[in-house]
Amino acid sequence: MKRASTQLSRGLTQSATSQVFKSRPRIKIVEVSPRDGLQNEATVLDAATRAGLIASLAKAGLPFIEAGSFVSPKVKQMANTRDVLLSETLRPVLQDGKTVLSVLIPNMRGYQDFKNTMQSLQEDGVDASRIEVAVFASATEAFSKANLNASRAVALDQLAQVAQAALNNNVKVRGYVSCVVKCPYEGIVEPREVASTAKSLSEMGCYEISLGDTIGAGNIYTLEDMLSAVVGRMPLSQLAAHCHDTNGKACENVLHLVKLGVQTVDSSLAGLGGCPYAPGAKGNVATEDVVRVLEENFYDTGLVQELPGQTHEAALWQKLQDLSRLGQEIKGKLKSEADV
Ligand code: MG
């Protein structure tokens, strides 16, 4: 298979050119720990702790935070998402004019819960216009049935209803494709299946599609093949990388995809969110690792601000310390709740 499309080659050339001119290309970090992370941890945290985590992440400068989900109440980790969004702790985040929050919604029942929550915020006089919706589709039939309890066609139809309802209410919609390289049930995933799923999400109105290597099976070659196929169906600027660190390759994979021109990267503070299909394995790539790798490779995450007289290295070190402290804090809370 041809390894790089013209557009992907152009992405690499642009990165190299930018380095020559000393301008760091901006990469948007999407912080997923309060949803993807906590949903995949065994311990259930209360709404106040979850809201506190989101507020701390916003304070640390994360511009986009996946805040929760309106899924089945059986998913206890996310059952109090309404309380999280209505929490007083989140009011400054909703009002700061720079942080975007998103909530994952699989069907119209979840959308109704979301809509009721938005109405409550409006009744409280809170501007909720920076809250977005996220929808989640699988590139394989078996994962769709296991994760969404529906075939791909049925799931996409449900998601299209959610997306339409959100767009009708002027709420932006972000999409995820899971299992973009390998599926825990079906094995290797054909890049054209990923491209077709991503295209469906784009057509239902998702402004951005996050490509998830859900079980962390990808390497730079398989991910590049997959990206090439997707870029044949939609602009590179619409795509995000979502890598898992199961095999310890997540940072290498993220950097490769960014060098190919991907401008948005999903990551999770302290790598929160283990991999449910590989017990004991690392889950989401850690935000601290992504920030370090990108900044060291001359990309600008927007998180590292140098003070007068301070070197970039010192500012980066300070930011990594801050994120690490926050990560240890939330891991400590997970541990102490688990010990109760
Ligand atoms: Mg993930």
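In this predicted model, Ile220, Leu223, Glu224 and Leu227 of helix 10 meet Glu252, Asn253, His256 and Leu257 of helix 11. Sorted by class, the residues in that contact of helix 10 with helix 11 are four nonpolar, two polar and two charged. Elsewhere in the model, eight strands close into a barrel with parallel pairing, in the order 1-2-3-4-5-8-9-10, and the twist from one strand to the next averages 30 degrees. The points below take up the helix contacts, the barrel strands, and then a few individual residues.

**Helix packing**

- Two packed helices are described by the angle between their axes and the distance between the axes.
- For helix 10 (residues 220-231) and helix 11, the packing angle is about 40 degrees and the axes are 10 Å apart, and the crossing of this pair is right-handed.
- Helix 11 (residues 250-259) also meets helix 12 (residues 287-296), the two axes coming within 10 Å and crossing at roughly 45 degrees.
- Because angles between 35 and 65 degrees are neither roughly parallel nor roughly perpendicular, helix 11 and helix 12 are oblique to each other, and their crossing is right-handed.
- On the helix 11 side of this contact stand Cys251, Val254, Leu255 and Val258, which meet Asp289, Val290, Val293 and Leu294 of helix 12; by class, the contact of helix 11 with helix 12 comprises seven nonpolar residues, no polar residues and one charged residue.

- Strand 10 (residues 264-267) pairs with strand 1 (residues 28-31) in the parallel sense, and four bridges connect the two.
- Within that pairing, Ile29 has Val265 of strand 10 as its bridge partner, while Val30 stands opposite Asp266 of strand 10.
- Strand 9 (residues 239-243) runs parallel to strand 10 and is joined to strand 10 by three bridges, with His242 standing opposite Asp266.

- Strand 4 is mostly covered, since seven of its eight residues are buried.
- Helix 8 (residues 152-168) lies across strand 4 (131-138) and strand 5 (173-178), and the direction of helix 8 is at about 170 degrees to that of strand 4.

- Asn170, in the loop between helix 8 and strand 5, has a positive phi of about 60 degrees although it is not a glycine.
- Asn170 has 7 C-beta neighbours inside 10 Å and therefore counts as exposed, the cut-off for that class being 12 or fewer.
- Cys179, in the loop between strand 5 and strand 6 (182-183), likewise has a positive phi, near 60 degrees, in a residue other than glycine.
- Cys179 has 27 C-beta neighbours inside 10 Å and therefore counts as buried, the cut-off for that class being 20 or more.

- Gly271 is part of the loop between strand 10 and helix 12, and because 22 other C-beta atoms lie within 10 Å, Gly271 is buried.
- When neighbours within four places in sequence are left aside, the residues in contact with Gly271 are Asp245, Lys282, Gly283, Asn284, Val285 and Ala286.
- From Gly271 to Val291 the separation is 20 residues in sequence and 12 Å in space, taken from C-alpha to C-alpha.
- Between Glu123 and Gly61, which are 62 residues apart along the chain, the C-alpha atoms are separated by 28 Å.

Notes
Residues numbered from 1 in each chain as written. Predicted model: local features only at pLDDT ≥ 70, side-chain atom pairs only at ≥ 80, totals over all residues. Axes fitted to C-alpha atoms, helices over the stretch in contact; angles between N-to-C directions. Parallel < 35°, antiparallel > 145°, perpendicular 65-115°, else oblique. Left-handed = near helix turned anticlockwise from the far one by under 90°. Contact = placed C-beta atoms within 7 Å. Nonpolar A, V, L, I, M, F, W, Y, C, P; charged D, E, K, R; others polar. Pairing = 2+ DSSP bridges.
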